[in-house]
Amino acid sequence: MGPQTYNTVMTMHGIVMIAVSVAVLIGGLGNYFVPLLIGAEDMAFPRLNALSYWLTPPVALTLVVASLLPGGYTSGWTVYPPLSERGGIPMLLFLLAFITFGLSSIIGGLNFLVTVIRLRAPGMTWGRLPIFVWGVFGASMLSLIFTQFVATSLIMMVLDRVTGMTFFGPTGGGTALLYQHIFWAYSHPAVYVMIIPAFALMLEIVAHFARKPLFGYKWAVGALMFIVGESGIVWAHHMFTSGMSDYLAAPFMASTELISIPTGIVFLTALATIWQGKMRLNTPMLFALGVVFNFTIGGLTGIFNADAPTDFHLQDTYWVVGHFHYTLMGGEIFALLAGIYYWFPKMTGRMYSEGLGKLHFWITFVSLNVLFTPMMLVGLYGMNRRIADYPPELAGTNFFMSISGFILAAGFLVFVYNMLASWARGPVASANPWQLRTLEWQTSSPVPEHNFAHVPQVTGHPYDYADGEPAHGVVAAATAGD
């Protein structure tokens, strides 16, 4: 690819993957399972929920069309000025699509918050919420509060382009640094919109498949909420090399290091839950354990980006690319896959092939690590990201990474085949094939309209697998007159 094509493709890759990562867990699995997990019939505002969904297809269509127009959009997914103010119609369409997607995210976040606050079944106290519901609740708070920041920055950009304003143009008294502050005030919390539900889903699966109470449940909830609260004061670690005032480096470095503490609590919770558990290494559990391994690497490598001195060397290198893909691909997408395998019987009424599921895991796990670890190594040698070519002495490593990337893609072909074939002709699943406690497994597979025949009565904790503990919830059977 030449530089122009490369820039368009990489911009498209960045924005589409970010959009998928923001929406897929809370918008997909969250929409389906949060009402089930809390004993509700549906989301609080079904029509608003539909609006949030139907805003998304035009975003995808606009991005595809804009990428095919002459010139494409070549600013990178962060759409920094002045590049984003100089592009033609494709760049303007990109900005409008981004704004529309932000509106969808705000509406969805509001809907989840009202659903969890108002529609919990009798007996479903805050201390009895499944941890995945807490994860979606925290991510929804971030979506509602912070998405308006990125919308503001993009609207300012559109006004600069269309009406001649100069928010970011230096000739009229503006500054591109203002855009970065507003943009990252959302875009770093957006990382936690993606990863907090992934943490929570990982803990959900680990507790059930270890057949143990979730260790330190209250500490884990507190850690997730602490991340939500602190995520709004760490944005400027993305800007250590941008030219912002030097005195800002120390407080943002300290706040970023501080957020690693609740993250560590989440992973200590997972490890303590696994310890001496009666683990069943089914495919969902393998992917959940993959989250623990991969995000540990992603989190530890992120510490170096949080420190201003080392960030000056690592900024805009492939170290950042490897680190970011370990967190999102190795963390969130592994959690997404764990959730799909975990809830596949509930969604379809069918069981998937366990052998193909494990094959998919091992191909994906191995190829991911042999792809993204070399990215960080070439970053240490100074290979820059977002540039169409690379130093010739690193050609061998780049070739190795490309082969690893194709193997990673091939693993997803196994996944797609397994899902489609199992959905069509897989063995019929029982209502509770994993023999678990939470409410979604107390109704039929696939889920009937309105989820439950009667309103569930929650009587216990979702993870109390000890003998003699009361059931998490009781759903009365339908009668002939119902």
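Helices (H or I, at least four residues) and strands (E, at least two) are DSSP runs, numbered from the N terminus. The model is predicted: local features need pLDDT of at least 70, side-chain atom pairs count only at pLDDT 80 or more, and totals for chains, interfaces and linings use all residues. Residues are numbered from 1 along each chain as its sequence is written, and side-chain values use heavy atoms, with hydrogens and water left out.

**View 1. The nonpolar patch and helix α14.** Trp 362, Val 366, Val 370 and Phe 400 make a nonpolar surface patch of about 370 Å². Patches consist of residues with over 30% relative accessible area and no salt bridge, with like charges joined within 9 Å and nonpolar side chains (Val, Leu, Ile, Met, Phe, Trp, Tyr) within 5 Å. Accessible areas come from the Shrake-Rupley method with a 1.4 Å probe; for residues, only the protein chains shown count as cover. The most is given by helix α14 (residues 354–380), with 3 residues. Val 370 lies in helix α14 and, at 33% relative accessibility, is partly exposed (buried is under 20% relative accessible area, exposed over 50%, partly exposed in between; 1.4 Å probe, protein chains only).

View 2. Neighbours within four places in sequence aside, Trp 343 is in contact (heavy atoms within 4.5 Å) with Leu 29, Phe 33, Leu 37, Phe 132, Leu 201, Glu 440 and Trp 441.

**View 3. The salt-bridge network of Asp 316, Arg 385 and Arg 386.** A salt bridge is a side-chain nitrogen of Lys or Arg within 4 Å of a carboxyl oxygen of Asp or Glu; the whole structure has 2. Arg 385 and Asp 316 meet at 3.1 Å, N to O. This pair links distant parts of the chain, 69 residues apart: Arg 385 is in the loop between α14 and α15 (395–425), and Asp 316 in the loop between α12 (308–314) and α13 (318–348). Asp 316 also meets Arg 386, at 3.9 Å, N to O. Arg 385 is buried, at 18% relative accessible area, whereas Asp 316 is partly exposed at 31% and Arg 386 is partly exposed at 39%.
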